[in-house]
Amino acid sequence: MAKAFDEFYKSTGPIAHNDVPFIVVTESQDDCPDIRAYDLTVRTPGDNPRVLLQGVNLHFKPGDRVIFTGESGSGKTTAVKALMNSWDYGQGLVVMPRNVKTMLFSQAAYAPNANLRTILNMATEGNEKFTDRELRHALQTVGLNKLVEQIPGQQIEILIDEMTDHLKNTSYLKKDVGQVAVDFVQRRIPELFSSVQSVPDKQRNYLCQSLRALVPEGDFDNVFHRVVDAMDNALMAPLQKRLALFAADIATRKRGKIYAYTPAKIKYFAWSLRRSLNKAVKSYMANDDTDDAFREIRLNEYQARRVVDTIVNHTRDEMMRQASSGPMHQVFNAASWPLSLAAVRMKARSAVNEIVQAVTFFMEKQVMTGDTMSLSGGERQKLMIAIATLHQPDILFLDEITAALDKETGAALYKDMLDHLPKHTIVLSIAHNTHIMPYHNLHAHLENQGITVRRIAQQAPGVTPTPSV
């Protein structure tokens, strides 16, 4: 069918095709999986257009790995855009396979404004195609281990795997297996985690399954809860320490007002503060006070309660200490001070606003959005390579995808990506450097408004190949 189409197109002649003032891109009407371009002319827009390609014919089959080279401005990127139906300036016909998955990654790698899980899946929440473990593996393969903790729970699973291996390799028959596990997580968590996290339910279940194979049934419940509590406490320890300092500072700055409280009223202040703060933190965790749809709180409910207890206890203790040190303390303690419990409650509520701002600031967001990713150009390109490896496209366009990487790293990641793609995937890659050329079978060179396609003789990687005619 494709051959018959070729003969029909050639018989109509280029004159009729040039009557169409734009590039026509259509899908094949049969099951031909090839990419074909007929009399493709590509020019720049404007009143005085510059012709980049003139009357080019191309034919790429499944499994072709094509590298496009040429001088800057020769039209490499524009030619690829024309094949993808993203460039109208010119004439000619492009026939693409029907019902195929096509992906394009440019040199200036761009990620949409979504969380990392959505970016990697390229799907909305609830429609994810890949498991978190698959996402984790893809990131680790390209050397983006630091992003793993942006997938909720995956860093926890790594910790659990390490702990399980540690227990298997430790002679704890004469020791408390729970204490061995607790000691391990307390030592490893500060090394593994750069920010506060919780232990999601899914990872709690994974921990449960991992421990059951190692802990006697009679001791299991005790060991499991000890390990979970140790993980929760260690994961939030930096946050708890910062909040304790903040609570002491609050009490210090309000010292003049503290003297007016008796110990009983200070306790009431703490109770009222706890109630107001609990309500505010619960609202924050439920995402009721913001339009930020991407926010995912790192703390679980247990840790949130610990946050509130930390603030309230340190605030109360500091107030008690300072009130006791005041010269008028005994007078206030014995006299009937005209400060009602209602007034104390109002003061507690006013203090909550300042405290909640600090709490919500420290409760870091477990989210990475496309417009806030603190990634270098090379790391962004690594992320695009990970996405391509995950999604296994039928046609893959790459525009200088390794330009921001060093020669060795770029070549290694590029080869690994191609090795993990389906054998039928057509790869059209634009590159100035020749270090990735050995991983292609066709060399398309743009020069003098034409494209010369030659087969690449397969040579050992590291040797600059020479195209064979």
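Is strand S2 (residues 35-43) largely enclosed by the rest of the structure or exposed, and how many of its residues are buried?

1. Eight of the nine residues of S2 are buried, so the strand is largely enclosed by the rest of the structure. Buried stands for under 20% relative accessible area, exposed for over 50%, and partly exposed for values in between (1.4 Å probe, protein chains only). Helices (H or I, at least four residues) and strands (E, at least two) are DSSP runs, numbered from the N terminus.

2. This is a predicted model, in which local features need pLDDT of at least 70 and side-chain atom pairs count only at pLDDT 80 or more, while totals for chains, interfaces and linings use all residues. Residues are numbered from 1 along each chain as its sequence is written, and side-chain values use heavy atoms, with hydrogens and water left out.

3. S2 pairs with strand S3 (residues 51-60) in the antiparallel sense over six bridges; pairing requires that DSSP finds at least two bridges between the strands. Arg36 has His59 as its bridge partner in S3. With strand S5 (residues 90-96), S2 forms five bridges, also antiparallel, and there Ala37 is partnered by Val94.

4. Thr78 lies in helix H3 (residues 76-83) and is buried, at a relative accessible area of 14%. Leaving aside residues up to four places away in sequence, Thr78 touches Val42, Leu52 and Trp87, a contact being heavy atoms within 4.5 Å.

5. The average pLDDT (the predictor's confidence in each residue, from 0 to 100) is 79, and 76% of the residues score at least 70. Residues 328-338 have pLDDT below 50, with ten contacts in the model beyond near neighbours in sequence. Where pLDDT is low, the predicted coordinates should not be read in detail.
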